[in-house]
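Me: I am new to this structure. Please show me how to read its features, one at a time.

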Amino acid sequence: MATRILTGIKPTGQLTLGNYIGVLKHLKEETNRGECFYFIADLHALTMPIDPEVLKQNTIDLACFYLASGIDPKKVTLFVQSSVSAHAELNAIMQNYLYMGELSRMTQFKDKSSKMKESAIGLGLFSYPVLMACDIVLYDANIIPVGEDQVQHVELTRDLVNRINNKYGNVLVMPKAEMRKVGARIMSLSDPTKKMSKSDPKGDIFLKDDLAVIRKKIMSAVTDSGSEVKYDIENKPGISNLLTIYAALKDISIEEAENQFKDSRYGDFKKAVADVVCDELGAFQKKYQEILESKAYVKVLEEGKEKASAIANQTLNRIKDAIGLLKV
Ligand code: AQP
């Protein structure tokens, strides 16, 4: 069976170094493995309150960031989720096949809703994994590269696929979550026990940050007692996070990174991390700016919408037929 890879990012805020290391950095090499579908998950962004102008601007930014990752737009399908109506339509169908109990066990829902008043929690936040499952199955995607926190949602999609296929025959393709060996969870620089997250900006490095600001953030990142540069999540979460960032950007293992700094002091180590982050993001920011100014993303998204819709509608029709929705 053909390899189909699907990746989505929510335009909920300014992208972080976590999004870069977890996803963006790998998009180009993925195109050598199979057919790639990359999308801007704007419907998912509505699950938390967001200003319309900010959402529009974030969507454009994200399109530019996708392209700045170096992907060849002819080799991938890059699209905006809400521009392909099959996502919303399949969501209306699939919400009948995932259940309250399993959705309420999702860690992301528990985390996000625990910080909100019950009267402010939208149904969409609760049913987020239903729409995510639809995003995946619509493209018969079998490989889903994700950060650690999204693995649970892909597992739920697998349960859904089993459920549908057992009931209606082999209608859906089974997806598999794929996690990076290094960098699946970049942590906040100010609290390295918390994920670096765009909706919780404390301790984030933003991809659009000025390089001097990035350097300053890294130099003042929370570190741990002691002086040895060593990977030890429990006792040295700050240093471990910086080692992960360094190793992920240099494409080396954590052990190799540890080895490089075994005789270094924290200050020298941080400077080396700042250098590698600024080198990488400096080049990335230049490409982003060019794409933003040339508006090259407009045509790519229009073509992406057509390509994605054609495939998604085929799958949708296959599912409708299997479950007994009459085509008229
Ligand atoms: N800190 C991170 N380390 C590694 N990977 C990360 N990802 C996000 N943060 C990190 C991965 O980026 C992809 C897109 O994420 P998303 O925007 O769809 O949602 P998210 O996982 O919820 O990311 P955020 O930044 O935390 O967004 P908000 O704050 O809006 O919820 C995913 O594959 C994710 O794992």
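**A buried loop residue**

Reply: Asn-142 counts as buried, because its relative accessibility is 14% and the cut-off for buried is under 20%. Keep in mind that this is a predicted model.

Me: Where is Asn-142 found?

Reply: Asn-142 sits in the loop between α9 and β4, the latter covering 143-146.

Me: Now helices. How is a packed pair described?

Reply: Two packed helices are described by the angle between their axes and the distance between those axes. Take α9 (residues 128-137) and α10 (residues 151-168): the angle is about 70° and the axes are 9 Å apart. Angles of 65 to 115 degrees count as roughly perpendicular, so α9 is roughly perpendicular to α10. The crossing is right-handed.

Me: Which residues make the contact of α9 with α10?

Reply: From α9 come Tyr-128, Pro-129, Met-132, Ala-133, Ile-136 and Val-137. From α10 come His-153, Val-154, Leu-156, Thr-157, Leu-160 and Val-161. By class, 10 are nonpolar, 2 are polar and none is charged.

Me: What are the angle and the axis distance for α11 and α14?

Reply: Helix α11 (residues 211-219) and α14 cross at roughly 150°, and their axes come within 9 Å. Over 145 degrees counts as roughly antiparallel, so α11 and α14 are roughly antiparallel. Their crossing is right-handed.

Me: Which residues of α11 touch α14?

Reply: Leu-211, Ile-214, Arg-215, Ile-218 and Met-219 do. The α14 side includes Lys-270, Val-273, Ala-274 and Val-277. This contact has 9 nonpolar, 3 polar and 4 charged residues.

Me: What about nonpolar cores?

Reply: In soluble globular proteins, nonpolar side chains tend to be buried together. Here the largest nonpolar core has 59 residues. Those touching the most other members are Leu-17, Tyr-20, Leu-24, Tyr-66, Ile-218, Ile-245 and Val-277. Helix α14 (residues 266-294) gives the most to this core, with 11 residues. Apart from it lies another core, of 43 residues, including Ala-41, Val-84, Tyr-97 and Ile-136.

Notes: Residues numbered from 1 in each chain as written. Predicted model: local features only at pLDDT ≥ 70, side-chain atom pairs only at ≥ 80, totals over all residues. Heavy atoms only, no water. Axes fitted to C-alpha atoms, helices over the stretch in contact; angles between N-to-C directions. Helix = DSSP H or I, 4+ residues; strand = E, 2+ residues; numbered from the N terminus. Parallel < 35°, antiparallel > 145°, perpendicular 65-115°, else oblique. Left-handed = near helix turned anticlockwise from the far one by under 90°. Contact = heavy atoms within 4.5 Å. Nonpolar A, V, L, I, M, F, W, Y, C, P; charged D, E, K, R; others polar. Buried < 20%, exposed > 50% of the residue type's maximum accessible area, 1.4 Å probe, protein only. Core = buried A, V, L, I, M, F, W, Y, C linked by side-chain atoms within 4.5 Å.
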